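The stops below follow the backbone.

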Amino acid sequence: MTRIALFGVGRIGVGHAAALVTIPDIHLTICDADPERAHSVASELASQHPGASINHATPESVFAHPDNYDGVVIATPTATHEELILRCAETKLPFFCEKPVAVDLDGTLRCIQAVQEAGIASQIGFQRRFDPAYTEARRRVHSGELGDVHRVHMMTCDQNPPPEYFVAESGGIWRDCLIHDFDILRWITGREVEEVFAFGAVRGADYFRTHGDVDEGVAVLRMDDDTLVTAHTSRNNGQGYDVRMEISGTKANATVGLEPKVPLVSVEPGVTFPDDEPWVDFIARFRHCYDVELRAFVDVVRSKAPSPCPIEDALEALHIALAVGKSREEGRPVKVSEIRQH
């Protein structure tokens, strides 16, 4: 029996709990800052899965008795990630953590050092690495089917803006939203970003400006082989939740997200594609990926496979996001090396 403690049962944590409890030979301990909520979620899952092994506890009790657990899944608010990762390192508990690792670069570096010194396995929640379309795009790039990749276009656009309390703690649109695109860009191309330039604007709710954020953003990235990349992001994409990636090579193109639920409307005569209801949010779009990545983490804990996204990978995506943010703030091109030399 593999013993997993889940910290945090908010919107994404509840989904993670539902996925974990379906994995064979799992004992799941539900933990939350609100003990009553932990008890409620554990009870509901137990009623839905009569044969499952589920209980509830507090994070403190998990860290007080680390030998009773094989791994930890962290799905708590961003501001708590660093402390929980450091506690996992201190108690030698392998962990899965939703991005970001910490609220800033210094905190991320502290976590990486602690994890490396502890010698524990880590996995960060960049779920797009488990999406079939992104996986196929990566295969086509690495097989040479596209020829030499010269251009990439990416976007992550929310249908509706998040509430102000989320914006205040999110770290900004580049680190919260486009960081997924920065990670998947590195993963698919196998290249690093050298230089960026970005624009951002507030076109909707004024609380984005209050918290030093934007709700519309466009960035241009130059890779280390001179591949040119554009990245768009929005909190106000009324047609639906839009996540796409277009990879253009000298032989062919590969496009992720071009399917019946893509939130596009063609005005070409006689064209009815896309013809399904658009995606409404990231949880609906990537539900299957969350399930697969958690199964992958359990395999890591069981020593069946190496981590598919170790904590060090999260650092590189953060470097790019910070460079993009710096470019927007200072109105100039920024080399990612400026951030790496921090």
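Begin by selecting residues 3-125: this stretch is 44% helix and 21% strand, and its end C-alpha atoms lie 20 Å apart. Helices (H or I, at least four residues) and strands (E, at least two) are DSSP runs, numbered from the N terminus. In an unreviewed entry, UniProt lists residues 3-125 as "domain: Gfo/Idh/MocA-like oxidoreductase N-terminal"; such annotations may be inferred rather than shown by experiment, and positions follow the numbering used here, with feature names shortened.

The model is predicted: local features need pLDDT of at least 70, side-chain atom pairs count only at pLDDT 80 or more, and totals for chains, interfaces and linings use all residues. Residues are numbered from 1 along each chain as its sequence is written, and side-chain values use heavy atoms, leaving out hydrogens and water.

Next, select D25, in the loop between α1 (11-20) and β2 (26-31). Its phi is positive, near 60 degrees, in a residue other than glycine. D25 is exposed, with a relative accessible area of 54% (buried is under 20%, exposed over 50%, partly exposed in between; 1.4 Å probe, protein chains only).

Move to K92, in the loop between α4 (81-90) and β5. K92 also has a positive phi near 60 degrees, and at 49% relative accessibility is partly exposed.

Now the cis peptide bonds. K99 to P100 has omega near -5 degrees; P100 sits in the loop between β5 (95-97) and α5 (105-118). F273 and P274 are joined by a cis bond with omega about -5 degrees, and P274 is in the loop between β12 (253-256) and α10 (282-301).
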